[in-house]
Amino acid sequence: MSKELPSGPRAGDRHTTFFDDPVKEHLLRGLVTVSMELSVSRERVATLEALLIEAGVIESGAADAYKPAGEDAAHRAQQRQKLVEGVLGPLVESLAEHG
Amino acid sequence: MGKEQAIKADSAKAKGFGFAPDHDETARLAFVGAFKKFVNFDIEGRVAKLFEDTLVPGCLAEGKREPETRDEAAALLEPHPLYKLWSSMTYHSQNLMWDAVQQTTDRTIEDQVAQYQALVASGAAQGSIALSDELLVKAPVATTEIHRQPGGYWRERREDDLEAALNYSGTVELYRIAKGMSAGESPPDDAFGRFVSAIARKYAPDLEPRSILDIGCGTGEQTLAYKREFPEAEVHGIDCARPFIRFAHAYAEDAGVPMHFAEMDAGATHFADDSFDLIVSIIMFHETSKAQAQAILKECHRLLRPGGLALHLDVPYQPGQTPLVRQVTNHWQVRHNGEPFWTGFAELDMKQEAIAAGFDPAAAFATYESVGQATYHFFGGRKNS
């Protein structure tokens, strides 16, 4: 491409904060963003369940009636624990080391 | 008649070309819409209640007088944590919105550009597109990311780019949700244009426009409404942002509606005197400046045929119409949401501006009209016959 492309206006700031503590403010915003992704995942699961019922693969209520057992149950428990440790572990370490 | 019916029947969302989020992108946008609605109604409503029930009585209890101006109200509100929360969440909702639409755009942009290029190469368009290398985009559009849209309206990142318009188009339905205009079923994509057409008929019932100009037409989605509502008229749309003109052309062709789009400055168009019977715009004036607003109204007067109507829709936040708290939250847009002329526009008397631009005082107007729960400011004039 030979000609220069229009650059647009000067890029504005994307990280302005309004509270006295920007760290807490970004944590709050992060929480909203995570809620958004949770909402997206919930909708995805609801869609998949609706499609499976519609296609006759499962019956309505089958997911609610499902009881994980054996290897499946153990894997889930391990994943759950890993998530809790991943979220809170660094904070515990940091407070233990630096107060 | 057959043609008219065909055009009206095609009012459903254009297929193939346009903003098309997938399942998860749709869910993400729906969340952002719900979040914005909560911020606009619940948090802002609570801020208004705090002002009336706590901050103003607190002022009076200290022996001070009640705040009377926007600045006095702002001085009370701005230090309060609830107002800071409203600011932070409004700001974040705008970041989330642009991030969300960008995901769809990044996934589809190459295909959209290819569709545009194929259309131009085919020479099969019913309408037309005219781009201008001479046009200089003016401030604030030249200098500001309006609504904090990354890249603004006119950045181009690839040949024949229309990314800015694709992103903008993705936010329209979300804004409807956020402003409480969309409950359940979505209104047609050209609902604003149809609303303006209905007001044109109300203000000038005898007018049968043969040619219509939509200034600041943006994506052209609303411009299509004028051809659908007035099928006998030749309809033109102009905008100063090239990606939007490309998008509008492809969108109209995809919808099967013959329209003419051109990249042009609304204050200095290339059209001859007395070219149009109806000139319209939708939420454009507040994105200009005082000088540009006057130049555009003058241009409207020049371009209208005798008996023609200039009819402009914009935000209804004139101080006389707007409670103090709302004036404060509106003025926040100037500093933090890329809307440098938002307050300046609200403080202009658009009827006087129309008169200054050449419209007869008896035929100039500045009014308010409602659609559903939303109210808009209308202004312009009719050129003397």
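The model is predicted: local features need pLDDT of at least 70, side-chain atom pairs count only at pLDDT 80 or more, and totals for chains, interfaces and linings use all residues. Residues are numbered from 1 along each chain as its sequence is written, chains are lettered from A and ligands numbered from 1 in the order in which they are written, and side-chain values use heavy atoms, with hydrogens and water left out.

**Helix α1 of chain A**

- Helix α1(A) covers residues 22-54, and its end C-alpha atoms are 48 Å apart, in agreement with the 48 Å that 33 residues should span. The expected span is 1.5 Å times one less than the number of residues.
- Helices here are DSSP runs of H or I with at least four residues, strands are runs of E with at least two, and both are numbered from the N terminus.
- After the helix comes G56(A), whose phi is positive, near 80°.
- Which residues of α1(A) are buried? They are E25(A), R29(A), V32(A), M36(A), S39(A) and V40(A). Buried means under 20% relative accessible area, exposed means over 50%, and partly exposed lies in between (1.4 Å probe, protein chains only).

**Where chains A and B meet**

- In contact across the interface (heavy atoms within 4.5 Å) are 36 residues of chain B and 29 residues of chain A.
- Together the two chains bury about 2,800 Å², with 63% of it on carbon and sulfur atoms. Buried area is the accessible area (1.4 Å probe) that two parts lose on being put together, summed over both.
- H23(B), F31(B) and Y91(B) supply 20% of the area that chain B buries against chain A, more than any other three residues.
- How many residue pairs are in polar contact between chain B and chain A? The count is 14, with both residues at pLDDT 80 or more. A polar contact is a pair of N or O atoms within 3.5 Å; within protein, one must be able to donate a hydrogen and the other to accept it, and residues adjacent in sequence count only if both atoms are side-chain atoms.
- On the side of chain B that touches chain A, the elements giving two or more residues are α2, α4 and α10 (324-336). Of these, α4(B) gives the most, with 12 residues.
- Four salt bridges cross the interface; a salt bridge is a side-chain nitrogen of Lys or Arg within 4 Å of a carboxyl oxygen of Asp or Glu. E37(A) and R28(B) meet in a salt bridge at 2.8 Å, N to O.

**Salt bridges in chain B**

- Over all chains, the count comes to 37 salt bridges.
- R210(B) pairs with D277(B), the closest N and O atoms being 3.9 Å apart. R210(B) lies in the loop between α6 (191-203) and β2 (211-215) and D277(B) in strand β5 (276-282), so the pair ties together parts that are 67 residues apart in sequence. R210(B) is exposed at 55% relative accessible area, whereas D277(B) is buried at 7%.
- E263(B) and R242(B) meet at 3.0 Å, N to O, in another salt bridge. The pair ties strand β4 (260-263) to helix α8 (242-255), parts that are 21 residues apart in sequence. Both partners are buried: E263(B) at 7% and R242(B) at 13%.
- R302(B) forms a salt bridge with D273(B), with the closest N and O atoms 2.6 Å apart. R302(B) is partly exposed, at 27%.
- A network of salt bridges links E110(B), R155(B), R157(B), R158(B), D161(B) and E163(B).

**Backbone features of chain B**

- The peptide bond from A139(B) to P140(B) is cis, with omega near 5°. P140(B) is in the loop between β1 (128-130) and α5 (163-178).
- H147(B) is found in the loop between β1 and α5 and has a positive phi of about 60° although it is not a glycine. H147(B) is buried, at 9% relative accessibility.
- D274(B), in the loop between β4 and β5, has a positive phi near 55°. D274(B) counts as partly exposed, at 36%.
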